[in-house]
Amino acid sequence: MPLPRSKPRTADVPQFSLYGEASRQEDAESVHIELIETRSRVHDWHIAPHTHAGLFQVLFLMSGHVSALMEEEVWEADGPVVITIHPSLVHGFDFSEQAIGFVLTVDPHVVFSAGGSEAHGELFSPLFLRPMAIELARVPELRERMETLLRLLIAESAAPRTGHTLMLEWLARSVMLLLVRLEADHRSAELSGRGDFELFTRFRALVEQHFKQQWQVAVYADKLRITPSRLNRLCLKLAGHSAFDLAQQRLILEACRKLTYVPSGISTIAYELGFQDPAYFSRLFKRHMGVTPKQYRRTHVEQ
C-alpha cells in the first residue's frame, strides 16, 4: 500500500476543470477519460499540483510507479492500484516512464443521481468519505472487468454516436459501482484482518469452481485446511450467512440465469446443476425464490 513520504508545501495551486483548462464550459460533458500517457508523456511524466473544483477523479495505474501528491502527503505506489481524488483536493503526479493506466473524471451528480433513487445514490457515498489507494493485484477478476469498462469509455469518447452522453454516464457509473465493491472488500479486510479476508476469498473462489458439484461444507473446509465450524463462523462474520447458505445462493443464482437465458428443459437444467432429482430441484428453487422454476422462467423470459 502507498505510504506517506513527506509533506511538501503548496501555494498558488491552479484549479482545472474536466479537460485541464482553467474554466469549465457550460456545455462540458460530465464524464471525461484519458490514458495516463496522453497528458503525462508531453509533460515529462510530471503533473504539477492542481485541483478540480466539484469534480471527482480516479487514477487507475495498471503498471508502472506513481508518486502521488495528496494535499500534504506523497503516496508511493506501484501498479496495479486505484487512487481516488476528491473534489478540490490538491493533487499532482510523478509517473515512471511508460506508466500505463487511465484517469477518469466525473461530476459527482452523475453518480448520486444513479437510477433516480436516493438509495442508489447513497450506495456510492463510501467513495466520498476520504481519498483512497487500493491495490488491484489481489483482485484480478475485478481489475479485468474494470479495465474493460475503462477501455469502452475511451472508445466511446473517441467516436461519439447517438446517446453518447448517456453511454458515457452509464459506463462511468458501472466503473464507480465496481469501486464501491472494491472499497467494501477493502474495508472488510481492514476490519476483519487480512488473514480472515483472504481465507474467505479463497472459499468464494472454491464455491465458484465447484458449486455444481454441490460440495458439502466439510469438503470446502478440508480444501481450506480448516474445520467446518471455523468456516461457518468466518462466513457469518464477513457475509452474514453460513457457508452452506452461500454455496446454495450461488447454485440458485446459476439456476436463475439458465432459466432466463438457456432454452433447455427444467429437468435438463436440474441435471446440469448436479441434481439427481428434478422434483427436488424445483422444491429447493421455490423455497429460495418463492416461485417454481417454470413460473420464474415464464415471468423473466416474457419481460
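Trainee: Which residues does C235 touch, not counting residues up to four places away in sequence?

Mentor: A contact means heavy atoms within 4.5 Å. By that rule, C235 touches F200, F203, G240, H241, S242, A243 and L246, once residues up to four places away in sequence are set aside. Before we go on, please note that this is a predicted model, in which local features need pLDDT of at least 70 and side-chain atom pairs count only at pLDDT 80 or more, while totals for chains, interfaces and linings use all residues. Residues are numbered from 1 along each chain as its sequence is written, and side-chain values use heavy atoms, with hydrogens and water left out.

Trainee: Is C235 buried or exposed?

Mentor: Buried means under 20% relative accessible area, exposed means over 50%, and partly exposed lies in between (1.4 Å probe, protein chains only). C235 has a relative accessible area of 0%, so it is buried. Its place is in helix α8 (residues 228-239). C235 and F200 are 35 residues apart in sequence, yet 7.0 Å apart in space, C-alpha to C-alpha.

Trainee: How many helices and strands does the protein chain have?

Mentor: Helices (H or I, at least four residues) and strands (E, at least two) are DSSP runs, numbered from the N terminus. Here there are 12 helices and 10 strands. Of the 303 residues, 43% count as buried.

Trainee: At what angle do α9 and α11 pack?

Mentor: Axes are lines fitted to C-alpha atoms, for helices over the stretch in contact, and angles run from 0 to 180 degrees between N-to-C directions. Helix α9 (residues 243-261) and helix α11 (residues 278-289) have axes 11 Å apart and pack at about 100°. That makes α9 roughly perpendicular to α11; angles of 65 to 115 degrees count as such, under 35 as roughly parallel, over 145 as roughly antiparallel, and the rest as oblique. From α9, Q248, I252, A255, C256 and L259 meet F281, L284, F285, H288 and M289 in α11. By class, that contact has 8 nonpolar, 2 polar and no charged residues. Ala, Val, Leu, Ile, Met, Phe, Trp, Tyr, Cys and Pro count as nonpolar, Asp, Glu, Lys and Arg as charged, and the others, Gly among them, as polar.

Trainee: Which residues of helix α7 are buried?

Mentor: An α-helix has 3.6 residues a turn, so residues three or four places apart point the same way. In helix α7 (residues 217-224), the buried residues are V217, Y220, A221 and L224. They cover an arc of only 100° around the axis, which puts them on the same side of α7; the arc is that of the directions from the helix axis to the C-beta atoms. R225 follows α7 and has a positive phi, near 60°.

Trainee: What is phi of W45?

Mentor: W45 has a positive phi, near 65°, and is a residue other than glycine. W45 sits in the loop between α1 (36-40) and β3 (46-52), and is buried at 6% relative accessible area. Q214, not a glycine either, has a positive phi of about 50°. Q214 belongs to the loop between α6 (194-210) and α7, and at 27% relative accessibility it counts as partly exposed.

Trainee: Is the peptide bond from G79 to P80 cis or trans?

Mentor: That bond is cis, with omega near 5°. P80 lies in the loop between β6 (73-78) and β7 (81-85).
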